[in-house]
Number of protein chains: 2
Amino acid sequence: VSDGRLRVVYEWRPARGEDPRGRAADMAREQSLELPPGCAPAAVEERFLGRVEAVETVGRGRARATVSFDLALPGGEAGQLLDLLYGHLSMQGDVRIAGVEWPVALLERFPGPRHGLAGFRDRCGVGPERPLLCAALKPPGLTPAELAERAHELAAGGIDLLKDDHGLADQEMAPFAERVARCQEAVARANAATGGRTVYLPHLTGPAVAARAAAARRLGCEGALVTPLIVGLDTLTGLAADDTGLLLMTHPSLMGALAGPRRGIAPEVLLGEVFRLAGADAVLYPNVGGRFRVSASTCLAIHRRLRAPLGRVRPAMPALGGGIDPARLPRWVRRYGPDTVFLVGGGLYRQGDLRRAAARLREAVERGPRR
Amino acid sequence: VSDGRLRVVYEWRPARGEDPRGRAADMAREQSLELPPGCAPAAVEERFLGRVEAVETVGRGRARATVSFDLALPGGEAGQLLDLLYGHLSMQGDVRIAGVEWPVALLERFPGPRHGLAGFRDRCGVGPERPLLCAALKPPGLTPAELAERAHELAAGGIDLLKDDHGLADQEMAPFAERVARCQEAVARANAATGGRTVYLPHLTGPAVAARAAAARRLGCEGALVTPLIVGLDTLTGLAADDTGLLLMTHPSLMGALAGPRRGIAPEVLLGEVFRLAGADAVLYPNVGGRFRVSASTCLAIHRRLRAPLGRVRPAMPALGGGIDPARLPRWVRRYGPDTVFLVGGGLYRQGDLRRAAARLREAVERGPRR
């Protein structure tokens, strides 16, 4: 967090003969005025041209430049912020954003999480002593009745959060309205029977996300799942500000395209800061050791960044998934601590009896990590 | 275009010791049921599990797999289609989509361009004999009055299309409503004076894109610019179906993240087919030889794909930009032919007198390519 201008740290491997300082100046121009020198009034050039604050050489022949931008450029829109950070640079193919310094004045324009980490705990009735457990409702292809039956069993077993698979949208096998009505009813029925407080998070997609959010709320849902890189960051911001008050978990689909190791935006910046600023209450991402390529240090960096102080923006809840084995849960609880959602998908379904599998997982997490 | 299932061609370089057939089967499962074998009812597994249709080795040690999916999985939403094609696979880091076979039954669910290539010609009053010329309104940082003055000069010079810079959104220097009102008024005034038909395309951003589209239409705008990878493909689809009837040009910001040479989606598939299906009337992308990394063959492939037969989906207008030098325009006209929009940005501003620069460009394009 800094005062003044928005500072972005770009890294790249300079081509043979490339002058990193000249390249940094080109990048600063590309991402701001996007006009050759002399084509803008002097006062505009002075204020709005991106400024190269520093250029240095870092390890392994890579260059690092800090470029600063006037805060008026992104305005208060998360999508424009993403465009300013990386929109055109993505087409240069070799640049990576390693970090961003967020000025207080910029942070104040973004709502950030409406409920955040504390909101997820409150709604699920789980104190700070243990992590939250999440299951995924799947697979696509089931009817609403079949999905609702699974939802009931997982809720009855005591899972805290039940999210739709990201493949569930508004398909002929399970149209949105019927699917969400049945699943929410099943979860509410299980809650009533057990005294539990499982929260169901239906996946909101398509051109009318706001209308689906309102429909979900009318049906009794207290949260939802959205995929910011598909529906747009501003759609997330819109949901965080609307009058449904839904708890919002984000799904990382397409994240690999935008958050690569050599180009794109560092995952801890994209998921840990940009998604959080845009309004994510919980941010789901793949854990190391599962089905996706992600390093242990990246997973920890995202986890820290979501909860780190960031002006007056509330902490968001880190949610780890992507192939978590229930047998290894104690290990992950030790690593990440209690302020974490653990999503177990296939690991529950493999056990056949979903209610027992969920109950076993709940017991394990209440027992706490083995020392 | 094919009957039956949606076929996607994935390419990757197998790791040492990796069995490409096993990997393809894992990818097919990841992108469809996303559950281990045996966790879904047999009928669901039979119909909805992605099927590996073929696996082969192609040049330079790369593997190619054709995987097919049931059409019900994407439903009729462009965002879900993108999620199905590449959402989770993006997080595997090494997979590229080389091509997609579009079944007629799937194409029929997507509106595609409402106006398309012919609509852009009609609205600008330009027959099939010449390309359309587009200028960019910039830089961000100008006031609405300053932007409107530039808009007036470019329209008076005879430019066909005037698009906002993608950096113009809803900022303190030029709030959306005032900026668009002034610029549209300036263009209309120039049109009235010259008898021209310049169409102004304001950039629609933020959480309320639909409301901004309606506002632009009320102000007299006949088109708009949207960035699908930032506002979401479904937002584009929504605009293509709404009652504003705006001509929609898409901006390629963030394209480099999703359309890389070794991973991501082949640019001719993403821009030439997916954007078109989602409702783009014109698709802007960087030309070879400009400021961005793109090959001559990719530029031609996108150009062809936008106009190629695709069920009953209308052809879209290819729009090339990203650093086109007015002096080289005849060369590009020879290469791409008349069914093209050429966006000249800095090349006009560098000349100082925008009206004369635009008029000179218009004369050049009416004279036709030198033989």
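The legends below accompany close-up views of a predicted model.

**View 1. The two chains and the way in which they are related.**
In this predicted model, chain B is superposed on chain A by a rotation of 180° with 0.0 Å of shift along the axis, and the RMSD of that superposition is 0.0 Å. This is the relation of a two-fold axis. Of the interface residues of chain B, 100% are also interface residues in chain A, so the copies meet through the same surface.

**View 2. The five-stranded sheet of chain A.**
Five strands of chain A make up an open sheet with mixed pairing, and their order is β2-β3-β1-β4-β10. The edges are taken by β2 (51-58) and β10 (264-265) of chain A, each of which has a single partner strand, so that one side of each is left without a neighbour in the sheet. The partner shown here for β2(A) is β3 (residues 62-69) of chain A, which runs antiparallel to β2(A) and is joined to it by seven bridges. Within this region, Thr57(A) is placed opposite Ala63(A) of β3(A).

**View 3. Helices that pack on the five-stranded sheet of chain A.**
Helix α1 (residues 20-30) of chain A packs on the sheet and touches β1 (6-12), β2 and β3 of chain A, while its direction makes about 140° with that of β2(A). Helix α3 (residues 78-87) of chain A lies across β1, β3, β4 (96-101) and β10 of chain A, and runs at about 40° to β1(A).

**View 4. A residue with positive phi in a loop of chain A.**
Glu34(A) is not a glycine, yet has a positive phi of about 55°. This residue belongs to the loop that lies between α1 and α2 (42-48) of chain A.

**View 5. The eight-stranded sheet of chain B.**
Eight strands of chain B form an open sheet with parallel pairing, in the order β7-β6-β5-β13-β12-β11-β9-β8. Both β7 (199-201) and β8 (223-226) of chain B stand at the edges with a single partner strand each, and one side of each is therefore left without a neighbour in the sheet. On average, and with direction ignored, neighbouring strands of this sheet are turned by 25° against each other. One of the pairings is that of β5(B) with β13 (residues 341-344) of chain B, two strands that run parallel and are joined by four bridges. Here Ala135(B) stands opposite Val344(B), a residue of β13(B).

**View 6. The contact of helices α6 and α16 in chain B.**
The axes of helix α6 (residues 144-156) and helix α16 (residues 354-367) of chain B come within 7 Å and cross at roughly 30°. Since angles under 35 degrees count as roughly parallel, α6(B) and α16(B) are therefore described as roughly parallel to each other. Their crossing is right-handed. From α6(B), the contact draws on Arg150(B), His152(B), Glu153(B), Leu154(B) and Ala156(B), and from α16(B) on Leu354(B), Arg355(B) and Ala358(B). Sorted by class, the residues in the contact of α6(B) with α16(B) are four nonpolar, one polar and three charged.

Definitions and conventions:
Residues are numbered from 1 along each chain as its sequence is written. Chains are lettered from A and ligands numbered from 1 in the order in which they are written. This is a predicted model: local features need pLDDT of at least 70, side-chain atom pairs count only at pLDDT 80 or more; totals for chains, interfaces and linings use all residues. Side-chain values use heavy atoms; hydrogens and water are left out. Two strands pair if DSSP finds at least two bridges between them. Contact means heavy atoms within 4.5 Å. Axes are lines fitted to C-alpha atoms, for helices over the stretch in contact, and angles run from 0 to 180 degrees between N-to-C directions. Angles under 35 degrees count as roughly parallel, over 145 as roughly antiparallel, 65 to 115 as roughly perpendicular and the rest as oblique. A crossing is left-handed if the near helix is turned anticlockwise from the far one by less than a right angle, and right-handed if clockwise. Ala, Val, Leu, Ile, Met, Phe, Trp, Tyr, Cys and Pro count as nonpolar, Asp, Glu, Lys and Arg as charged, and the others, Gly among them, as polar. Copies are superposed by least squares on the C-alpha atoms of residues with pLDDT of at least 70 in both.
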